[in-house]
Every structure is written in C-alpha cells, then in structure tokens.
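Please look over the model below before reading on.

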Amino acid sequence: MLVALSPYAQFQPSCFHLVKMGFVMGYTTGMAAGALFSIFSCLRIGIRGRGLMGGVRKTMMQSGGTFGTFMAIGMDI
C-alpha cells in the first residue's frame with residue numbers, strides 16, 4: 001500500500017545503514033573491551049613500552065573487527 005509523503009515525513013533507514021550502524025557500534029565496543037583485556041594481560045605478563053602499545057593496538061583492532069562483524073550480521077538479521 002502506498003503512503004503519501006509529506007515534507008515532514010520520516011524515512012526509515014535502509015538495510016545498508018542498519019548494517020553499517022551495527023558494525024560501527026560493535027567495532028567501538030570491541031575496541032574498548034580489547035583495550036581493557038589486553039592492557040591487563042600485557043601488564044600481567046610483563047610487557048612494557050613499545051611492546052605494550054603494539055600488543056594493545058593489535059588486540060583492539062582484532063576484537064573490534066570481530067565484534068563489529070558479528071554486530072553487523074545481527075543487525076542484518
């Protein structure tokens with residue numbers, strides 16, 4: 001059924017926008033969780049300095065990408 005559009009009509013986001021929003025939300029959440037877990041684990045092992053920053057950066061990117069992908073799939077479903 002067609003709905004008449006007025007100038008003040010609100011449009012629903014498309015599927016791509018929902019998937020993109022889910023990925024961004026998941027990526028930021030995964031990066032925050034990755035930062036917390038990797039800082040504590042690297043400090044517990046005894047890694048300091050550049051090794052600490054490299055390990056934290058790598059873990060943040062991996063966990064952010066993983067969680068972002070799962071959130072994007074969840075938003076698509």
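Setting aside neighbours within four places in sequence, C42 is in contact with I47, R48 and L52. The model is predicted. C42 counts as buried because its relative accessible area is 8%, under the 20% cut-off.

**Around C42 and I47**
- I47 sits in the loop between α1 and α2.
- Leaving out neighbours within four places in sequence, I47 is in contact with C42 and L52.
- Is I47 buried or partly exposed? I47 is partly exposed, because its relative accessible area of 30% lies between the 20% and 50% cut-offs.

**Cysteines**
- C15 is partly exposed, at 45% relative accessibility, whereas C42 is buried at 8%.
- A disulfide is a covalent bond between the sulfur atoms of two cysteines.
- The count of disulfides in this model is zero.

**Overall fold**
- The secondary structure consists of two helices and zero strands.
- The protein has 77 residues, and 18% of them count as buried.
- Take the contacts with a separation of 6 or more: 81% of them join residues 24 or more positions apart.
- The exposed surface comes to about 6,200 Å². Carbon and sulfur atoms supply 71% of that surface.

**Helix α2**
- Helix α2 covers residues 50–76, 27 residues in total.
- From first C-alpha to last, α2 reaches 39 Å, close to the 39 Å expected at 1.5 Å a residue.
- Which residues of α2 are buried? They are L52, V56, M60, G64, G68 and A72.
- An α-helix has 3.6 residues a turn, so residues three or four places apart point the same way.
- The cover over the buried residues of α2 includes α1, residues 15–45.

**Nonpolar core**
- The largest nonpolar core holds six residues: M31, A35, C42, L52, V56 and M60.
- Both helices contribute: α1 and α2 each supply at least two residues of this core.
- C42 belongs to this core, and so does its contact partner L52.
- L52, V56 and M60 of the core are also among the buried residues of α2.

**Database annotation**
- An unreviewed UniProt entry lists residues 24–47 as "transmembrane region".
- In the model, residues 24–47 are 92% helix and 0% strand.
- The end C-alpha atoms of residues 24–47 are 30 Å apart.

Conventions. Residues numbered from 1 in each chain as written. Predicted model: local features only at pLDDT ≥ 70, side-chain atom pairs only at ≥ 80, totals over all residues. Heavy atoms only, no water. Helix = DSSP H or I, 4+ residues; strand = E, 2+ residues; numbered from the N terminus. Expected span 1.5 Å × (residues − 1). Buried < 20%, exposed > 50% of the residue type's maximum accessible area, 1.4 Å probe, protein only. Contact = heavy atoms within 4.5 Å. Areas by Shrake-Rupley, 256 points an atom, 1.4 Å probe, with all protein chains shown as cover. Core = buried A, V, L, I, M, F, W, Y, C linked by side-chain atoms within 4.5 Å. UniProt positions renumbered as here; feature names shortened; annotations may be inferred. Disulfide = S-S within 2.5 Å.
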